[in-house]
Amino acid sequence: MKISGFTYVRNGFRYGYPFIPSICSLLPLVDELIVVVGDSEDGTRDAVAALNEPKIRIIDTIWDEALRENGKVFAQQSNLGLDQVSGDWAIHLQVDEVLHEQDHARLLQQIKHADQDPAVEGLLFPFYHFWGDFNHIRNTRKTHPFEIRAFKNTGGYIRSYKDSQGFRKYPSQAAYEQGAEGEKLRVVNCGVPVFHYSYSRNPSLMKKKAEYFSRFWHDDAWVARHSKETPFDFNEVDRLEYFDKPHPVYMKEVIAAKDWTFQYDPSRSNMSFKDRIMFVLNRWTGKRLFEFENYKLIRN
């Protein structure tokens, strides 16, 4: 059984993405790793090439910034990588997502088990969404608790769904291009967490990143209206939890280079009344009731 990895990145240094740790966390798991590198001006491509890793194959692309509706450019870049994989299984990480080295053996075992089960099409991963620093996570209805990050590459036409959040299966390439909704993949929960560092940056850099990437969902007028002079305020959030578990070893240098201080103030919570009720219900039941799921969970 051959396992392929794929990811995409553009100007990773400029916007503070831990793309090298992300790539390095995938390498021990895969036989090949497709890295789609968009037109960058900050040395991103050179850094990937400097890893001098024979498993890595770089695909050079130019981002079409006209694809500004619903983050379509991210799905496009993901699919360019997916088109190049040759393995029986594909593992995808976005470049702010990192796997823990202690979970590698368990994940490989899960893939082997799933490969023998014709009912399983993919694996579901729980997420740690870091917010503000490396010691707080956001675990509310404003974040996705699970996503598909590994799937069989041996049946059906699988494409990145919407803005590259997850994946679905389509009858054909034509059906996908014509806007078909696609079929949710049948998955099992592998229990291997993804460490997601999308909101773990210096507040000034977070502001720069957020305003730039908002242009891929909104037009210039919207971006101008919502632009702020002040740095990103990490306390404009619904609820955070303290995180005290060990991070992946690949993040050691990134965490050591932290150059800002975040003090969480729960009194500033902006959680709506409705979400407060749902949050309590979720804690009582252990489930996020009435929440959209882009997968069919057949076994926990």
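Biologist: Tyr128, Phe130, Phe134, Phe195, Tyr197, Phe243 and Trp260 form one aromatic cluster. What kind of model is this?

Modeller: The model is predicted: local features need pLDDT of at least 70, side-chain atom pairs count only at pLDDT 80 or more, and totals for chains, interfaces and linings use all residues. Residues are numbered from 1 along each chain as its sequence is written, and side-chain values use heavy atoms, with hydrogens and water left out.

Biologist: How many aromatic pairs does the structure hold, and why is the pair of Phe130 and Tyr197 called stacked?

Modeller: The structure holds 23 aromatic pairs. In the pair of Phe130 and Tyr197, the ring centres are 4.9 Å apart and the planes make an angle of 10°. Rings of Phe, Tyr and Trp (its six-membered ring) pair if their centres lie within 6.5 Å, and planes under 30 degrees apart count as stacked, over 60 as edge-to-face and the rest as tilted. The pair of Phe130 and Tyr197 is therefore stacked.

Biologist: What parts of the chain does this pair link?

Modeller: The pair links distant parts: Phe130 belongs to strand β6 (residues 122-131) and Tyr197 to strand β13 (residues 194-199), 67 residues apart. A strand here is a DSSP run (E, at least two residues), numbered from the N terminus. Both Phe130 and Tyr197 are buried.

Biologist: Why is the pair of Phe262 and Tyr264 called tilted?

Modeller: Its centres are 6.4 Å apart, with 35° between the planes. That angle is neither stacked nor edge-to-face, so the pair of Phe262 and Tyr264 is tilted.

Biologist: How do you know whether Phe262 and Tyr264 are buried or exposed?

Modeller: Buried means under 20% relative accessible area, exposed over 50%, and partly exposed in between (1.4 Å probe, protein chains only). Phe262 has a relative accessible area of 11%, so Phe262 is buried. Tyr264 has 18%, so Tyr264 is buried.

Biologist: Which ring does the charged end of Arg168 sit over, and which ring face does Lys209 lie over?

Modeller: The charged end of Arg168 sits over the ring of Tyr161, 3.9 Å from its centre. Lys209 lies over the face of Tyr199, at 5.5 Å from the ring centre. The rule asks for NZ of Lys or CZ of Arg within 6 Å of the ring centre and within 35 degrees of the ring normal.

Biologist: What makes β9 and β11 edge strands?

Modeller: Three strands form an open sheet in the order β9-β10-β11, with antiparallel pairing. Strands β9 (157-161) and β11 (183-184) each pair on one side only.

Biologist: How do you know that β10 and β11 pair?

Modeller: Two bridges join strand β10 (residues 166-170) to β11. Pairing needs at least two bridges found by DSSP, so these strands pair. The bridge partner of Lys169 in β11 is Glu183.

Technical notes
Helix = DSSP H or I, 4+ residues; strand = E, 2+ residues; numbered from the N terminus.
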